[in-house]
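I am opening a notebook on this structure and will write down what I looked up, entry by entry.

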Amino acid sequence: MSIRCIIHFAQAHPEFRLPELQSIAELYGFRFSQPAPGSLPGSSSEDWNPKHPFWIVDFEDEAHAVRLAERCILVRSVYELYARGASYESVHSQALANSRLWERYVEKTSFRFSVSAYNHSIPLQRVREIVESFRFMGLKGSVDLKTPELILAVFEEYPVRGTTTVSRDEDDTKLAQIYFGRLIAEGKARSLVQKFDVKKRAYFGNTSMEAEISLLMANQTLASPGKFIYDPFMGTGSMAYTAAQFGAFIFGSDIDGRQMRGKGTESEPGILRSAAQYGVASRIVDLCTYDVTHNPLRCGCLFDAIVTDPPYGVRAGAKRLGRKTTDKRVRERNPEFEEAQSKALMDFVPPTQPYELSALVADLVRLARHLLRPAGRLVFFLPTVTDEYAEVDVHALLCEGMEIVANSVQDFGSWGRRLITIRKTTSEEYASPFGHTAEGFSAEDDKQMREDGESRIPAHKDFREKYFRGFRKDDADEHSEQEQKSENRD
């Protein structure tokens, strides 16, 4: 039976709410929808505004709302909607009109009321008055403050006041909305944010992803028992732990094995120590050190999802095998490299060169098309310059057989990082973009990307240089100097 609910969100990462809800609904095979226009008093197109902590959502079954509460990181709780209005008179009249929803609880059900406000603090005396105003419901069960069978909640939402300071009871009449309903489920997944807190982790580094974001990324991959997920830029493994928490098996690689091993861990890599701390070590299938552009994977359609946070040069820069164009000793070292290749010298450290971000993400999308199973997902962060960004920057990354599922931004002012989710839409097998298969890489894809690049420079191109010069456009000398410093550091 269909049910209309109030979803109470945590006030964090509001742009990621809808993609997370949609992903978990797809994972468990159900749908939800926004109330039809006119079906709810005072409804508007802003009912799903990311700035509001309460959303009204229609489900086909109450169990679907419970699923969201159990899995979604940003959901604090879910309530069955009894009434919503701009005044208590309106809320009371709607609650009476919807008595069929709560009349079964009148006779013998123990209960308690919960009254709270957003952007406001309600005095205790007024809390009592609010609770007493619902006496018309005629509840005959006992009041139980600890373990009631029924929890009825009243939420008052007030306009954002900015930095204005007011007394506790001032502006009590200036509320924007009142919500009234029955608690269906508390958000259980929120506790995982504390469990995976980086500060409490056995092994972490300066590039480790914060717990809440890595959990959101795991949900975007549709991680679940039996899924096989790959992180090609494993680093210290932040995404591996959260995806494994939901039952997925993890395979990871990195060009720098020291990131995965850590220091002073000859017997056990740092990632496995942290995985053991979280009880998911058995789900880490393997960790390999290699350049993703020279990977040893010889067939495609291996993984259900690829999740990663590519290095973009702020804390660590991306690298690939090869020599810099500025290296004057390339010819002198070529024989050395060829000898190491032929003799498989274990102590030889191959040279590396910078891997520019726009080239990296373009390669990542095509690699995902090769490695993902049908309907598999690629989830990654893409940093962009706010003033230069346009939707075409992300759409230009797509190739045949891939489509965008979600594009949400974490805004830092002059720049932001976008959580991109891309799905493989075809069952056709594609060659590796790095030419490791018999078919070779797709020249058509390269041609298309060159044509796209000629029409527009994406906002993520040369992001590292833009970041270190403060995103200034009129300081060419400083840019050149910074580029030279970057080359020297690399």
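How many bridges join strand S8 to strand S9, and do they run parallel or antiparallel? I found 4 bridges between S8 (residues 228–231) and S9 (residues 249–254), and the two strands run parallel. I note that this is a predicted model, in which local features need pLDDT of at least 70 and side-chain atom pairs count only at pLDDT 80 or more, while totals for chains, interfaces and linings use all residues. Residues are numbered from 1 along each chain as its sequence is written, and side-chain values use heavy atoms, with hydrogens and water left out.

For my terms, strands (E, at least two residues) and helices (H or I, at least four) are DSSP runs numbered from the N terminus, and two strands pair if DSSP finds at least two bridges between them.

I then looked up S8 with strand S11 (residues 303–308), and found a parallel pairing over 2 bridges, where Tyr230 stands opposite Ile306.

Next I turned to helix H6 (residues 211–220), where 10 of its 10 residues are buried, buried being under 20% relative accessible area, exposed over 50% and partly exposed in between, with a 1.4 Å probe and protein chains only. Among them are Glu212 and Asn219. After H6 comes Leu222, with a positive phi near 65°.
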